[in-house]
Amino acid sequence: MASPKKLTLLFDGDCRFCRTWIYAWQKRTGQTVEYREYQSNLDRFPQVTKADCQRSVQLIALDGTVSSGARAVFGALAAGGRTRWLRLYQHLPGFAWLSERAYRLIAANRSSMLALTLLAWGPVVQPASYVFSSWLFIKILGAIYLIAFASFGVQAAGLIGSRGILPAAQYLSQVKQTLGLSWLWNLPTVLGFNASNGMISALIITGLVTSLLLIAGVFPRLMLVVLFLLYLSLVNGSQDFLSFQWDILLLEVGFLAIWISPRSNLVVWLLWWLLFRLMFLSGAVKLLSGDAVWRNLTALTYHYQTQPLPTMLAWFAHHLPLWWHKLSTIIMFVIELGFPFLIFMPRHFK
């Protein structure tokens, strides 16, 4: 009985579906596992038969013991550092039974599974890399912060300045009297220490400079922390003027972005979940509101006249026929209630 120098996984080299996924596993496990076609390697491992290899992949451990099927796949991935599936297999009741039956189902329908793989991932299945997307995401976020600070900056004196509509100093003074020291936790803002016109201007100018530094790639994680704290300070000191959905969205995205890195799958999933919630709830809230115009698909018959910021095309859109407004509403529901689920699916579906 042969004992390999490192884990060896035998697979069917004549099966394109098998080769496609073996390539993907190789990318995940690196040099920790040796992948070999059983057709030319059976003589090295007499403990494994041809029938075994035709039925499923075979993983030969360092001591020569053999595992097959889902257990072999999870064992190989665990050798490359991806241990969660093997832990679930070993410790979660029912998971081993379910995964082995799923493996047998897939193995018995390789042609169909190959077609599905090509549809979902294309001819090459490989781990997603977020190096470029993380770099681009952070730069675009820096541009959005820049726009947010600039657009509010030109209005700040008239909105929350000492002679503004809702002076921040007066508001925060009342908050501190009511909450005592707990205002630092319940309404954190640097304006709580000083909400003068000069401090408000300094906060905004700092936000603009920090946004430019983030775009330029200067200490990006530090810049993201500073930008989050600065914008949180503005939101908590500006009362009605920065209490909108997009302000909360920028804070939530900005906080998650602090932790983003090319290898941070958890943050990527949290950003996907944020995007899913944003889109799906935008559609769900329309139906849950109880407003009949969404259910009978007539909401867009007056939307273009009543939207807060109409465009030059709004008048023309308003005069489109009723059937077009209803079709547009259906398309909107498909986009907001259906498409968000594709966020969590493989590459081609995205």
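In which helix is the place of Ile330? Ile330 sits in helix 18, which covers residues 322–338, where helices (H or I, at least four residues) and strands (E, at least two) are DSSP runs numbered from the N terminus.

## Basis of the model

This is a predicted model, in which local features need pLDDT of at least 70 and side-chain atom pairs count only at pLDDT 80 or more, while totals for chains, interfaces and linings use all residues. Residues are numbered from 1 along each chain as its sequence is written, and side-chain values use heavy atoms, with hydrogens and water left out.

An open sheet is formed by 4 strands in the order 2-1-3-4, with mixed pairing; two strands pair if DSSP finds at least two bridges between them. Strand 2 and strand 4 (66–68) stand at the edges with a single partner strand each, so one side of each has no neighbour in the sheet. From one strand to the next, the twist averages 25 degrees, an angle taken on a scale from 0 to 180 degrees between N-to-C directions of axes fitted to C-alpha atoms.

Strand 1 (residues 7–11) is mostly covered, as 5 of its 5 residues are buried, where buried means under 20% relative accessible area, exposed over 50%, and partly exposed in between, with a 1.4 Å probe and protein chains only. In a regular strand the side chains alternate between the two faces of the sheet. Both faces of strand 1 are covered, with Leu7, Leu9 and Phe11 buried on one side and Thr8 and Leu10 buried on the other.

Strand 1 runs parallel to strand 2 (residues 33–37), to which 5 bridges join it. The chain passes from strand 1 through helix 1 (residues 16–29) to strand 2 in a right-handed β-α-β crossover, a term meaning that, with the strands pointing away from the viewer, the path from the first strand over the helix to the second runs clockwise. In strand 2, Arg36 stands opposite Leu10 and Glu37 stands opposite Phe11. Strand 1 is also joined to strand 3 (residues 58–60) by 3 bridges, and these two strands run antiparallel; here the bridge partner of Leu10 is Gln58.

## Salt bridges

The whole structure holds 5 salt bridges, each being a side-chain nitrogen of Lys or Arg within 4 Å of a carboxyl oxygen of Asp or Glu. One of them joins the side chains of Arg36 and Glu34 at 3.1 Å, N to O; Arg36 is partly exposed at 26% relative accessibility, and Glu34 is partly exposed at 25%.

Another pairs Arg277 with Glu252, whose closest N and O atoms are 2.5 Å apart. Arg277 belongs to helix 14 (residues 265–288) and Glu252 to helix 13 (residues 245–258), so this pair ties together parts that are 25 residues apart in sequence. Glu336 and Lys286 also form a salt bridge, with 3.1 Å between the closest N and O atoms, and this pair links helix 18 with helix 14 across 50 residues. Both Glu336 and Lys286 are buried.

A nonpolar patch on the surface has about 830 Å² of accessible area together, and Trp323, Trp324 and Ile330 are among its residues. Ile330 itself counts as partly exposed, at 41% relative accessibility. Patches are made of residues with over 30% relative accessible area and no salt bridge, with like charges joined within 9 Å and nonpolar side chains (Val, Leu, Ile, Met, Phe, Trp, Tyr) within 5 Å; accessible areas come from the Shrake-Rupley method with a 1.4 Å probe, and for residues only the protein chains shown count as cover.

Most residues other than glycine have a negative phi. Phe219, which is not a glycine, has a positive phi of about 40 degrees; Phe219 lies in the loop between helix 11 (197–216) and helix 12 (220–237) and is exposed, with a relative accessible area of 60%. Leu297 has a positive phi of about 65 degrees and lies in the loop between helix 15 (292–295) and helix 16 (300–306).
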